Amino acid sequence: MTKIIAASVLGVVTVFGAAGAVPAQATAPQVEQDCRTYSGVKVCGEVQLTEKQKQCVQQAVQKGMSERRAEVECSR
């Protein structure tokens with residue numbers, strides 16, 4: 001009976017060892033993005049704005065809003 005138990009334990013160790021190695025190999029490095037959220041709107045990266053939206057940003061910044069927030073607010 002001792003030989004059977006030893007073989008079973010070895011089998012379990014091998015399975016857990018293999019399972020533990022798979023996620024580590026599959027994990028990709030996390031890349032941080034430039035994201036911001038205002039008024040429930042989340043934007044990541046560079047905001048592509050139309051001419052009208054750019055004018056909106058300029059007006060909002062002149063009134064004291066940060067440019068980053070204005071880009072998000074005006075992009076809706």
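Is Arg 36 buried or exposed? Select Arg 36 and take a look: its relative accessibility is 7%, so Arg 36 counts as buried (buried means under 20% relative accessible area, exposed over 50%, and partly exposed in between, using a 1.4 Å probe and protein chains only).

Before we go on, a word about what you have open. This is a predicted model, where local features need pLDDT of at least 70 and side-chain atom pairs count only at pLDDT 80 or more, while totals for chains, interfaces and linings use all residues. Residues are numbered from 1 along each chain as its sequence is written, and side-chain values use heavy atoms, with hydrogens and water left out.

**Stop 1: around Arg 36**

Keep Arg 36 selected. Arg 36 sits in strand S1 (helices, H or I of at least four residues, and strands, E of at least two, are DSSP runs numbered from the N terminus). Asp 34 is partly exposed, at 39% relative accessibility.

Next, pick Glu 71. The side chains of Arg 36 and Glu 71 also meet in a salt bridge, 2.7 Å from N to O. Arg 36 is in strand S1 (residues 35–38) and Glu 71 in helix H3 (residues 67–74), so this pair ties together parts that are 35 residues apart in sequence. Glu 71 is buried, and so is Arg 36.

**Stop 2: helix H2**

Jump to Glu 51 and Lys 54. Both lie in helix H2 (residues 51–62), 3 residues apart, or about one turn of the helix. Glu 51 is exposed, with a relative accessible area of 54%, whereas Lys 54 is partly exposed at 40%. Then select Asp 34, Arg 36, Arg 68 and Glu 71 together: salt bridges that share partners join these four into one network. The structure holds 6 salt bridges.

**Stop 3: Ser 39**

Finally, select Ser 39, in the loop between S1 and strand S2 (41–44). Its phi is near 50 degrees, a positive value in a residue other than glycine. Most residues other than glycine have a negative phi. Ser 39 is partly exposed, with a relative accessible area of 46%.
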